[in-house]
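Visitor: Hi, I have a new structure open and would like a hand reading it. Could you walk me through it?
Guide: Happy to, so let's bring it up.

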Amino acid sequence: MTPVTHRARWVMVEPGHWVENGRVVVMGNRILDVQSGTPKATEGSVIDHGDGILMPSLVNAHTHITLSDAARNQSSEGFLKWVESLIKNRNSQSSEDALKTVQRGIATLKASGTALVGEFGPHIPVADAFEGAGLAATIWIECLGNDRELQPLPPNAKGICHAFAGHAPHTTSPVLLKRVQKANERLKQRFSFHLAESREELEFIQTGKGAWADFMTRMGIDFSGWESLGKRPVQMALDTKLLDQNTIAVHLLEINKKEMAALAETGAHICLCPRSNWMLHEKLPDIEGFLKAGIQPALGTDSLASAPTLSLFDEMRFIRNHYPALSPDVILRMGTVNGAKALGYPDLGTLRPGNHSTMIYLDVDVKSPKEAAETIVSANHLDLDPIFDDMQNGGPHAF
Ligand SMILES: [Zn+2]
């Protein structure tokens with residue numbers, strides 16, 4: 001095997017770490033070295049991408065690509081109507097249509113430079129579609145309702161890990177959430193669930209009443225024995241020890257400063273999906289608050305049922321526009337290294353030696369690292385060329 005060297009005017013090893021006139025030396029699917037200057041004879045053939053930027057591939061830590069064909073409805077119709085339309089859509093989709101939807105979703109993710117995905121959903125046909133697609137992924141099977149035995153998962157392969165997810169405290173009994181968390185501990189996989197996403201969830205978990213309680217009754221889900229009721233959702237998750245360093249909590253719109261500080265103490269990871277939150281709830285997560293509390297958020301698009309695209313570049317641009325106090329480097333960390341850490345894939349998210357050689361070339365004309373970082377998170381259009389490896393031998397190593 002001989003090395004291949006990728007050259008560009010700018011190489012972003014990770015946010016804040018740039019190499020000018022840089023080259024990334026790759027052997028197989030691993031980065032051997034990142035250097036500045038003229039390639040050495042030992043570095044194999046050179047692919048000169050141009051005067052733009054080579055950067056790490058992006059990490060979409062929370063999506064549901066099986067919902068890619070579910071029509072987005074207007075936020076004025078409310079969260080409950082949105083959930084009802086999703087259920088209708090899911091029940092009417094054939095397995096052939098579902099497979100095509102997932103394949104289209106994977107192609108879209110790849111075209112937008114995403115190399116690692118946290119996918120929530122039913123695992124058939126998702127697992128088959130991911131296999132051999134060149135993306136790394138943790139595929140979580142969503143569990144909801146009252147307690148039950150968990151079905152066995154397919155074996156992990158080529159960067160694809162299978163795990164169980166709890167859906168959310170307002171849909172999943174506390175006993176089932178704990179069962180799922182324990183099963184993931186045994187599987188050495190991350191446990192993830194939606195937490196504190198909506199006012200409807202907050203009201204239901206605090207009081208056991210309200211529009212969500214009525215909806216659950218209509219759906220035939222008996223929550224009378226749920227011991228989780230009576231607290232705020234994050235406090236409930238803290239008290240029942242659902243949050244630890246192997247957990248990824250998603251959304252966290254309804255969280256106060258005291259709960260943020262307690263969440264930080266647990267070492268739990270979080271994933272935020274601001275465009276989805278804005279569409280469904282007209283509310284944005286308190287990113288500055290999380291950072292001040294010492295939590296480094298990962299980023300997800302959520303599904304096309306609540307976000308306009310699956311592109312993390314679009315998600316980062318939305319953050320740049322709505323959080324002017326956040327630096328481009330902080331936003332870039334959310335879209336790359338934070339997501340890789342949250343999902344437990346330390347060999348993705350940066351171009352450090354030893355890591356996977358998956359990366360993105362951006363054809364842009366910039367004069368400095370500062371301008372480069374700003375362009376990545378704010379340009380309305382980016383010409384991008386994703387460079388994938390085969391993800392062979394990928395997978396989580398953080399446990
Ligand atoms: Zn979600």
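Visitor: Which residues have the most contacts inside the largest nonpolar core?
Guide: They are V11, L116, F130, L135 and C271, in a core of 107 residues. A nonpolar core here is a set of buried Ala, Val, Leu, Ile, Met, Phe, Trp, Tyr and Cys residues joined through C-beta atoms within 7 Å. Buried means that 20 or more other C-beta atoms lie within 10 Å of a residue's own, with C-beta atoms placed from the backbone. Please keep in mind that this is a predicted model, where local features need pLDDT of at least 70, side-chain atom pairs count only at pLDDT 80 or more, and totals for chains, interfaces and linings use all residues. Residues are numbered from 1 along each chain as its sequence is written.

Visitor: Which strand gives the most to this core?
Guide: Strand β7, residues 136–143, with six residues. Strands (E, at least two residues) and helices (H or I, at least four) are DSSP runs, numbered from the N terminus.

Visitor: And why does the core lie between the domains?
Guide: Domain 1 (4–57 + 349–387) and domain 2 (58–343) both give residues to this core, so it lies between them. Those bounds come from an automatic or database domain assignment.

Visitor: Back to L116, what is it in contact with, leaving aside its neighbours within four places in sequence?
Guide: L116 is in contact with V59, L135, A136, A137, G339, A340, L343, Y345 and L348. Contact means C-beta atoms, placed from the backbone, within 7 Å.

Visitor: How far apart are the C-alpha centres of the two domains?
Guide: The centres of domain 1 and domain 2 lie 31 Å apart.

Visitor: New topic: how do α11 and α12 pack?
Guide: Helix α11 (residues 312–322) and helix α12 (residues 328–335) pack at an angle of about 145°, their axes 10 Å apart. Axes are lines fitted to C-alpha atoms, for helices over the stretch in contact, and angles run from 0 to 180 degrees between N-to-C directions.

Visitor: Which residues make that contact?
Guide: From α11 they are L312, M316, I319 and R320, and from α12 they are P328, I331 and G335.

Visitor: Last one: which residues of α9 are buried?
Guide: In helix α9 (residues 274–281), they are P274, R275, S276, N277 and L280. Just after α9, E282 takes a positive phi of about 50°.

Methods:
Buried ≥ 20, exposed ≤ 12 C-beta atoms within 10 Å, placed from the backbone. Contact = placed C-beta atoms within 7 Å.
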